[in-house]
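Hello,

Here is the structure you will be taking over. My notes on what was found in it follow below.

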Amino acid sequence: KLFLYPMPRLSKSIFRTFAVMLLSILASLYFLHCLTERCGTCIPTERRETSPVEGFYVSKLKDFESLRRKRLQKWTSTGHLVMRHHSLIHRLERVSEEDLPGIEANKHIFQAHVKLSNSLDVDLEPVGSYFDTGKLSALGEGSKKLPQAIIIGVKKGGTRALLEFLRVHPDIRAVGAEPHFFDRNYDNGLDWYRDLMPKTVEDQITMEKTPSYFVTREAPARIYAMSRDTKLIVVVRDPVTRAISDYTQTLSKKPDIPTFESLTFKNRTTGLIDTSWSAIQIGIYAKHLDNWLQFFPMSQILFVSGERLISDPAGELGRVQDFLGLKRIITDKHFYFNQTKGFPCLKKAEGSSKPHCLGKTKGRTHPNIDPEVVQRLRDFYRPFNMKFYQMTGRKFGWDDG
(Lines give C-alpha, C1' and ligand atoms only; values in the text may rest on other atoms or scores of the structure.)
Protein backbone atom coordinates (compact mmCIF):
# COMPACT_ATOMS: atom_id res chain seq x y z
CA LYS A 1 0.00 0.00 0.00
CA LEU A 2 2.78 2.44 0.83
CA PHE A 3 4.30 1.63 -2.57
CA LEU A 4 1.10 2.20 -4.58
CA TYR A 5 -0.10 5.60 -3.21
CA PRO A 6 2.58 7.94 -4.75
CA MET A 7 2.00 6.64 -8.31
CA PRO A 8 -0.92 8.94 -9.40
CA ARG A 9 1.02 12.06 -8.33
CA LEU A 10 4.06 10.94 -10.39
CA SER A 11 1.94 10.23 -13.53
CA LYS A 12 0.37 13.71 -13.52
CA SER A 13 3.79 15.35 -13.32
CA ILE A 14 5.11 13.35 -16.26
CA PHE A 15 1.97 14.09 -18.30
CA ARG A 16 2.26 17.83 -17.66
CA THR A 17 5.94 17.84 -18.66
CA PHE A 18 5.21 15.85 -21.82
CA ALA A 19 2.31 18.17 -22.76
CA VAL A 20 4.48 21.29 -22.35
CA MET A 21 7.24 19.77 -24.48
CA LEU A 22 4.79 18.71 -27.19
CA LEU A 23 3.19 22.16 -27.35
CA SER A 24 6.65 23.77 -27.53
CA ILE A 25 7.63 21.53 -30.44
CA LEU A 26 4.38 22.22 -32.29
CA ALA A 27 4.73 25.95 -31.73
CA SER A 28 8.31 25.87 -33.04
CA LEU A 29 7.26 23.90 -36.10
CA TYR A 30 4.44 26.30 -36.86
CA PHE A 31 6.75 29.27 -36.42
CA LEU A 32 9.20 27.73 -38.90
CA HIS A 33 6.30 27.06 -41.25
CA CYS A 34 5.31 30.72 -41.11
CA LEU A 35 8.86 31.80 -41.84
CA THR A 36 9.19 29.40 -44.75
CA GLU A 37 5.86 30.33 -46.31
CA ARG A 38 6.25 34.05 -45.50
CA CYS A 39 2.76 34.01 -44.06
CA GLY A 40 3.52 36.96 -41.76
CA THR A 41 0.74 35.97 -39.41
CA CYS A 42 -0.20 33.27 -36.95
CA ILE A 43 -3.77 33.13 -38.18
CA PRO A 44 -4.10 29.90 -40.17
CA THR A 45 -5.39 30.23 -43.73
CA GLU A 46 -6.53 27.67 -46.19
CA ARG A 47 -3.57 26.80 -48.39
CA ARG A 48 -2.93 23.72 -50.38
CA GLU A 49 0.43 21.93 -50.08
CA THR A 50 3.00 23.14 -52.57
CA SER A 51 5.95 21.41 -54.12
CA PRO A 52 9.51 22.68 -53.54
CA VAL A 53 9.73 23.82 -57.16
CA GLU A 54 6.45 25.70 -56.95
CA GLY A 55 7.39 27.34 -53.68
CA PHE A 56 10.69 28.53 -55.15
CA TYR A 57 9.14 30.28 -58.14
CA VAL A 58 6.27 31.79 -56.17
CA SER A 59 8.52 33.10 -53.42
CA LYS A 60 10.89 34.69 -55.95
CA LEU A 61 8.07 36.43 -57.73
CA LYS A 62 6.47 37.58 -54.49
CA ASP A 63 9.79 39.04 -53.33
CA PHE A 64 9.97 40.88 -56.62
CA GLU A 65 6.37 42.08 -56.37
CA SER A 66 6.89 43.39 -52.87
CA LEU A 67 10.01 45.36 -53.84
CA ARG A 68 8.29 47.00 -56.80
CA ARG A 69 4.77 47.54 -55.46
CA LYS A 70 5.32 51.10 -54.20
CA ARG A 71 6.92 52.26 -57.45
CA LEU A 72 4.19 50.68 -59.51
CA GLN A 73 1.44 52.34 -57.49
CA LYS A 74 2.49 55.86 -58.52
CA TRP A 75 1.55 55.08 -62.12
CA THR A 76 -2.20 55.31 -61.72
CA SER A 77 -2.77 55.26 -65.47
CA THR A 78 -1.31 51.77 -65.77
CA GLY A 79 -3.53 49.91 -63.36
CA HIS A 80 -4.27 47.21 -65.92
CA LEU A 81 -0.56 46.39 -66.14
CA VAL A 82 -0.37 46.01 -62.36
CA MET A 83 -3.39 43.72 -62.51
CA ARG A 84 -1.60 41.60 -65.09
CA HIS A 85 1.31 41.31 -62.70
CA HIS A 86 -0.92 40.11 -59.86
CA SER A 87 -2.63 37.72 -62.24
CA LEU A 88 0.75 36.27 -63.11
CA ILE A 89 1.47 35.60 -59.42
CA HIS A 90 -1.83 33.76 -59.17
CA ARG A 91 -0.95 31.58 -62.17
CA LEU A 92 2.55 30.83 -60.89
CA GLU A 93 1.04 29.53 -57.65
CA ARG A 94 -0.29 26.63 -59.71
CA VAL A 95 3.10 25.65 -61.15
CA SER A 96 4.19 22.09 -60.63
CA GLU A 97 7.37 20.26 -61.62
CA GLU A 98 5.60 18.90 -64.70
CA ASP A 99 5.02 22.46 -65.89
CA LEU A 100 8.69 23.43 -65.97
CA PRO A 101 9.37 22.42 -69.60
CA GLY A 102 6.38 24.50 -70.66
CA ILE A 103 7.61 27.43 -68.58
CA GLU A 104 10.99 27.49 -70.30
CA ALA A 105 9.51 26.94 -73.75
CA ASN A 106 7.12 29.85 -73.35
CA LYS A 107 9.31 32.30 -71.50
CA HIS A 108 8.09 35.13 -73.70
CA ILE A 109 4.74 35.12 -71.86
CA PHE A 110 6.43 36.16 -68.63
CA GLN A 111 8.20 38.94 -70.48
CA ALA A 112 4.95 40.20 -71.97
CA HIS A 113 3.33 40.48 -68.54
CA VAL A 114 6.15 41.59 -66.30
CA LYS A 115 8.61 43.46 -68.52
CA LEU A 116 7.17 46.90 -67.84
CA SER A 117 10.42 48.79 -67.39
CA ASN A 118 10.12 50.65 -70.67
CA SER A 119 6.59 51.86 -69.98
CA LEU A 120 6.80 52.50 -66.24
CA ASP A 121 10.38 53.61 -65.78
CA VAL A 122 10.67 50.79 -63.27
CA ASP A 123 13.59 48.41 -63.35
CA LEU A 124 11.88 45.06 -63.77
CA GLU A 125 14.93 43.33 -65.25
CA PRO A 126 17.68 43.26 -62.63
CA VAL A 127 20.69 41.71 -64.34
CA GLY A 128 21.40 38.23 -63.06
CA SER A 129 18.13 37.94 -61.18
CA TYR A 130 15.57 35.20 -61.43
CA PHE A 131 13.32 37.58 -63.28
CA ASP A 132 15.38 37.61 -66.45
CA THR A 133 13.12 36.14 -69.08
CA GLY A 134 15.51 33.26 -69.65
CA LYS A 135 15.24 32.10 -66.03
CA LEU A 136 11.63 32.64 -65.09
CA SER A 137 8.57 32.88 -67.30
CA ALA A 138 4.88 32.26 -67.05
CA LEU A 139 3.07 29.10 -67.89
CA GLY A 140 2.52 28.03 -71.47
CA GLU A 141 -0.56 30.21 -71.60
CA GLY A 142 -1.98 31.91 -74.64
CA SER A 143 -2.33 30.51 -78.11
CA LYS A 144 -0.92 30.93 -81.58
CA LYS A 145 -3.03 33.23 -83.70
CA LEU A 146 -2.92 34.45 -87.27
CA PRO A 147 -1.38 37.93 -87.42
CA GLN A 148 -3.65 40.93 -86.97
CA ALA A 149 -1.00 43.24 -88.44
CA ILE A 150 1.62 42.67 -91.13
CA ILE A 151 4.58 44.73 -92.28
CA ILE A 152 4.22 44.12 -96.03
CA GLY A 153 7.05 46.26 -97.41
CA VAL A 154 9.23 47.51 -98.76
CA LYS A 155 12.54 45.75 -99.22
CA LYS A 156 15.47 47.92 -98.05
CA GLY A 157 13.01 50.44 -96.65
CA GLY A 158 13.68 49.87 -92.94
CA THR A 159 11.30 47.00 -92.18
CA ARG A 160 13.74 45.12 -89.94
CA ALA A 161 14.41 48.22 -87.86
CA LEU A 162 10.68 48.87 -87.48
CA LEU A 163 9.99 45.30 -86.38
CA GLU A 164 12.82 45.31 -83.83
CA PHE A 165 11.61 48.62 -82.42
CA LEU A 166 8.01 47.40 -82.19
CA ARG A 167 8.99 44.24 -80.35
CA VAL A 168 9.91 46.38 -77.36
CA HIS A 169 6.18 46.99 -76.83
CA PRO A 170 4.74 44.48 -74.30
CA ASP A 171 1.52 44.18 -76.29
CA ILE A 172 3.22 43.16 -79.54
CA ARG A 173 4.48 39.66 -80.31
CA ALA A 174 6.18 39.11 -83.64
CA VAL A 175 7.85 36.23 -85.43
CA GLY A 176 11.49 37.05 -86.17
CA ALA A 177 12.10 35.30 -89.49
CA GLU A 178 10.19 36.33 -92.59
CA PRO A 179 7.49 33.66 -93.20
CA HIS A 180 6.98 34.48 -96.92
CA PHE A 181 3.60 32.79 -96.61
CA PHE A 182 1.56 34.93 -99.00
CA ASP A 183 4.16 34.86 -101.77
CA ARG A 184 6.16 31.60 -101.57
CA ASN A 185 4.53 29.23 -99.08
CA TYR A 186 0.81 29.80 -99.57
CA ASP A 187 0.21 26.17 -100.55
CA ASN A 188 1.27 25.11 -97.04
CA GLY A 189 -2.04 26.41 -95.67
CA LEU A 190 -3.10 28.67 -92.83
CA ASP A 191 -2.48 26.06 -90.14
CA TRP A 192 1.18 25.95 -91.18
CA TYR A 193 1.29 29.76 -91.15
CA ARG A 194 -0.36 30.01 -87.72
CA ASP A 195 2.10 27.53 -86.26
CA LEU A 196 4.97 29.88 -87.13
CA MET A 197 3.52 32.61 -84.91
CA PRO A 198 4.48 33.16 -81.27
CA LYS A 199 1.92 32.51 -78.56
CA THR A 200 -0.04 35.55 -77.44
CA VAL A 201 -2.35 36.31 -74.55
CA GLU A 202 -5.37 38.58 -74.40
CA ASP A 203 -4.83 42.13 -75.71
CA GLN A 204 -1.56 41.24 -77.45
CA ILE A 205 -1.13 41.72 -81.20
CA THR A 206 0.52 39.09 -83.38
CA MET A 207 2.69 40.49 -86.17
CA GLU A 208 5.01 39.39 -88.94
CA LYS A 209 6.98 41.13 -91.66
CA THR A 210 7.74 40.05 -95.21
CA PRO A 211 8.68 43.04 -97.41
CA SER A 212 8.13 41.22 -100.70
CA TYR A 213 4.36 41.07 -100.09
CA PHE A 214 3.98 44.67 -101.25
CA VAL A 215 5.13 43.81 -104.78
CA THR A 216 3.45 40.38 -104.96
CA ARG A 217 0.32 40.59 -107.08
CA GLU A 218 -1.47 37.72 -105.30
CA ALA A 219 -0.69 38.91 -101.75
CA PRO A 220 -3.59 41.39 -101.25
CA ALA A 221 -6.28 38.87 -102.17
CA ARG A 222 -4.68 36.17 -100.05
CA ILE A 223 -4.38 38.36 -96.97
CA TYR A 224 -7.94 39.59 -97.49
CA ALA A 225 -9.11 35.96 -97.61
CA MET A 226 -7.38 35.33 -94.28
CA SER A 227 -8.91 38.43 -92.64
CA ARG A 228 -10.34 41.55 -94.18
CA ASP A 229 -9.55 43.39 -90.93
CA THR A 230 -5.79 42.87 -91.16
CA LYS A 231 -3.80 46.07 -90.59
CA LEU A 232 -1.02 46.65 -93.10
CA ILE A 233 2.18 48.63 -92.57
CA VAL A 234 4.48 49.76 -95.40
CA VAL A 235 7.88 51.33 -94.75
CA VAL A 236 8.77 53.46 -97.78
CA ARG A 237 11.99 55.22 -98.64
CA ASP A 238 13.31 57.49 -101.40
CA PRO A 239 13.07 55.05 -104.34
CA VAL A 240 16.46 56.11 -105.75
CA THR A 241 18.27 55.55 -102.45
CA ARG A 242 16.29 52.35 -101.96
CA ALA A 243 17.39 51.02 -105.38
CA ILE A 244 21.05 51.76 -104.61
CA SER A 245 20.71 50.04 -101.23
CA ASP A 246 19.09 47.05 -102.92
CA TYR A 247 21.98 46.85 -105.38
CA THR A 248 24.51 47.18 -102.55
CA GLN A 249 23.00 44.18 -100.78
CA THR A 250 23.13 42.07 -103.94
CA LEU A 251 26.70 43.21 -104.62
CA SER A 252 27.78 42.00 -101.18
CA LYS A 253 26.55 38.51 -102.09
CA LYS A 254 27.56 38.52 -105.77
CA PRO A 255 30.62 40.73 -106.28
CA ASP A 256 30.79 39.90 -110.00
CA ILE A 257 27.41 41.41 -110.99
CA PRO A 258 27.33 44.27 -113.54
CA THR A 259 27.53 47.88 -112.41
CA PHE A 260 24.50 49.72 -111.09
CA GLU A 261 24.62 52.05 -114.08
CA SER A 262 24.49 49.24 -116.63
CA LEU A 263 21.60 47.51 -114.88
CA THR A 264 19.58 50.73 -114.61
CA PHE A 265 19.16 51.31 -118.35
CA LYS A 266 17.85 49.22 -121.17
CA ASN A 267 19.79 51.57 -123.40
CA ARG A 268 22.24 54.01 -121.82
CA THR A 269 22.28 56.20 -124.94
CA THR A 270 18.53 56.75 -125.07
CA GLY A 271 18.24 56.85 -121.27
CA LEU A 272 15.42 54.28 -121.22
CA ILE A 273 15.06 52.92 -117.66
CA ASP A 274 14.81 49.14 -117.29
CA THR A 275 11.69 48.75 -115.13
CA SER A 276 11.98 44.96 -115.30
CA TRP A 277 14.95 45.13 -112.90
CA SER A 278 13.47 44.50 -109.45
CA ALA A 279 15.61 47.19 -107.81
CA ILE A 280 13.88 49.77 -110.02
CA GLN A 281 10.45 48.16 -110.14
CA ILE A 282 9.97 47.99 -106.36
CA GLY A 283 10.23 51.79 -106.06
CA ILE A 284 7.18 52.47 -108.25
CA TYR A 285 5.07 52.59 -105.08
CA ALA A 286 1.92 54.05 -106.65
CA LYS A 287 1.63 51.12 -109.04
CA HIS A 288 1.83 48.55 -106.26
CA LEU A 289 -0.51 50.49 -103.98
CA ASP A 290 -3.21 50.39 -106.67
CA ASN A 291 -3.21 46.62 -106.34
CA TRP A 292 -3.70 46.76 -102.56
CA LEU A 293 -6.48 49.32 -102.71
CA GLN A 294 -8.61 46.85 -104.64
CA PHE A 295 -8.95 44.88 -101.40
CA PHE A 296 -8.14 47.17 -98.47
CA PRO A 297 -9.22 50.74 -97.68
CA MET A 298 -6.53 53.32 -97.09
CA SER A 299 -7.59 53.47 -93.43
CA GLN A 300 -6.12 49.98 -92.95
CA ILE A 301 -2.76 50.82 -94.51
CA LEU A 302 -0.12 52.87 -92.70
CA PHE A 303 2.88 54.26 -94.55
CA VAL A 304 6.00 54.78 -92.44
CA SER A 305 8.79 57.04 -93.63
CA GLY A 306 12.09 55.19 -93.76
CA GLU A 307 13.92 58.50 -93.51
CA ARG A 308 12.01 59.65 -90.43
CA LEU A 309 12.49 56.21 -88.88
CA ILE A 310 16.16 57.24 -88.74
CA SER A 311 15.82 60.94 -87.91
CA ASP A 312 12.84 60.64 -85.54
CA PRO A 313 12.24 56.99 -84.61
CA ALA A 314 10.01 57.81 -81.63
CA GLY A 315 7.76 59.99 -83.79
CA GLU A 316 7.24 57.31 -86.43
CA LEU A 317 6.78 54.64 -83.75
CA GLY A 318 4.14 56.84 -82.14
CA ARG A 319 2.16 56.83 -85.39
CA VAL A 320 2.47 53.05 -85.64
CA GLN A 321 1.32 52.52 -82.05
CA ASP A 322 -1.68 54.78 -82.67
CA PHE A 323 -2.50 52.87 -85.85
CA LEU A 324 -2.41 49.56 -83.99
CA GLY A 325 -4.60 50.94 -81.19
CA LEU A 326 -1.86 50.61 -78.58
CA LYS A 327 -0.70 52.90 -75.83
CA ARG A 328 2.37 54.98 -76.77
CA ILE A 329 4.93 53.10 -74.71
CA ILE A 330 7.89 53.28 -77.12
CA THR A 331 9.28 56.82 -76.81
CA ASP A 332 12.50 58.83 -77.18
CA LYS A 333 13.98 57.27 -74.07
CA HIS A 334 14.26 53.91 -75.84
CA PHE A 335 16.72 55.12 -78.50
CA TYR A 336 20.23 56.41 -78.92
CA PHE A 337 21.93 57.38 -82.16
CA ASN A 338 24.85 55.20 -83.22
CA GLN A 339 27.34 57.48 -84.99
CA THR A 340 29.24 54.57 -86.52
CA LYS A 341 26.23 52.95 -88.15
CA GLY A 342 24.44 56.20 -88.83
CA PHE A 343 21.05 55.20 -87.46
CA PRO A 344 19.26 54.83 -84.12
CA CYS A 345 19.66 51.80 -81.90
CA LEU A 346 17.69 50.49 -78.94
CA LYS A 347 18.92 51.14 -75.42
CA LYS A 348 17.22 47.90 -74.42
CA ALA A 349 16.14 45.25 -76.89
CA GLU A 350 13.32 42.77 -76.34
CA GLY A 351 14.25 40.29 -73.60
CA SER A 352 17.55 42.03 -72.82
CA SER A 353 18.89 44.78 -70.60
CA LYS A 354 21.70 45.61 -73.04
CA PRO A 355 21.80 48.08 -75.95
CA HIS A 356 21.04 46.60 -79.35
CA CYS A 357 21.80 47.68 -82.90
CA LEU A 358 20.87 45.93 -86.10
CA GLY A 359 23.44 43.53 -87.55
CA LYS A 360 26.42 44.32 -89.72
CA THR A 361 24.34 43.74 -92.87
CA LYS A 362 22.43 46.92 -92.04
CA GLY A 363 23.92 50.31 -92.79
CA ARG A 364 26.34 49.19 -95.51
CA THR A 365 28.30 51.89 -97.31
CA HIS A 366 26.82 52.50 -100.76
CA PRO A 367 29.06 52.47 -103.82
CA ASN A 368 29.61 55.72 -105.69
CA ILE A 369 27.03 56.04 -108.45
CA ASP A 370 27.37 58.33 -111.48
CA PRO A 371 25.47 61.54 -110.52
CA GLU A 372 23.97 61.68 -114.03
CA VAL A 373 22.41 58.24 -113.52
CA VAL A 374 21.05 59.30 -110.11
CA GLN A 375 19.44 62.37 -111.70
CA ARG A 376 17.94 60.27 -114.51
CA LEU A 377 16.38 58.04 -111.88
CA ARG A 378 14.99 61.00 -109.95
CA ASP A 379 13.38 62.27 -113.13
CA PHE A 380 11.96 58.82 -113.80
CA TYR A 381 10.45 58.39 -110.33
CA ARG A 382 9.10 61.95 -109.92
CA PRO A 383 5.65 61.43 -111.53
CA PHE A 384 5.19 58.15 -109.65
CA ASN A 385 6.16 59.86 -106.40
CA MET A 386 3.68 62.68 -107.02
CA LYS A 387 0.90 60.17 -107.54
CA PHE A 388 1.94 58.27 -104.42
CA TYR A 389 1.86 61.46 -102.34
CA GLN A 390 -1.63 62.15 -103.61
CA MET A 391 -2.85 58.62 -102.89
CA THR A 392 -1.48 58.54 -99.34
CA GLY A 393 -2.11 62.18 -98.46
CA ARG A 394 1.46 62.53 -97.24
CA LYS A 395 4.47 64.21 -98.84
CA PHE A 396 7.65 62.28 -98.14
CA GLY A 397 10.01 64.94 -99.53
CA TRP A 398 11.92 62.74 -101.95
CA ASP A 399 11.79 65.36 -104.71
CA ASP A 400 12.49 68.44 -102.63
CA GLY A 401 16.12 68.54 -103.76
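The model is predicted. Tyr224 forms an aromatic pair with Phe296. Phe296, at 2% relative accessibility, counts as buried.

A pair of aromatic rings is described by the distance of the centres and the angle of the planes. For Tyr224 and Phe296 the centres are 5.8 Å apart and the planes are at 75 degrees, an edge-to-face arrangement. Tyr224 belongs to helix α9 (residues 219–226), while Phe296 sits in the loop between α13 (285–292) and β9 (301–305), so the pair ties together parts that are 72 residues apart in sequence.

On other aromatic residues: the structure has 24 aromatic pairs. One aromatic cluster is formed by Phe181, Phe182, Tyr186, Trp192, Tyr193 and Tyr213. Elsewhere, Lys231 lies over the face of Phe323, 5.5 Å from the ring centre.

There is also a helix contact to look at. Helix α7 (residues 159–166) and helix α15 (residues 313–323) have axes that come within 11 Å and cross at roughly 75 degrees. The two helices are therefore roughly perpendicular to each other. On the α7 side the contact is made by Leu162, Phe165 and Leu166, and on the α15 side by Pro313, Leu317 and Val320. By class, this contact has 6 nonpolar residues, with no polar and no charged ones.

Regards

Notes: Residues are numbered from 1 along each chain as its sequence is written. This is a predicted model: local features need pLDDT of at least 70, side-chain atom pairs count only at pLDDT 80 or more; totals for chains, interfaces and linings use all residues. Side-chain values use heavy atoms; hydrogens and water are left out. Axes are lines fitted to C-alpha atoms, for helices over the stretch in contact, and angles run from 0 to 180 degrees between N-to-C directions. Helices (H or I, at least four residues) and strands (E, at least two) are DSSP runs, numbered from the N terminus. Angles under 35 degrees count as roughly parallel, over 145 as roughly antiparallel, 65 to 115 as roughly perpendicular and the rest as oblique. Contact means heavy atoms within 4.5 Å. Ala, Val, Leu, Ile, Met, Phe, Trp, Tyr, Cys and Pro count as nonpolar, Asp, Glu, Lys and Arg as charged, and the others, Gly among them, as polar. Rings of Phe, Tyr and Trp (its six-membered ring) pair if their centres lie within 6.5 Å; planes under 30 degrees apart count as stacked, over 60 as edge-to-face and the rest as tilted. Buried means under 20% relative accessible area, exposed over 50%, partly exposed in between (1.4 Å probe, protein chains only). A charge sits over a ring if NZ of Lys or CZ of Arg is within 6 Å of the ring centre and within 35 degrees of the ring normal.
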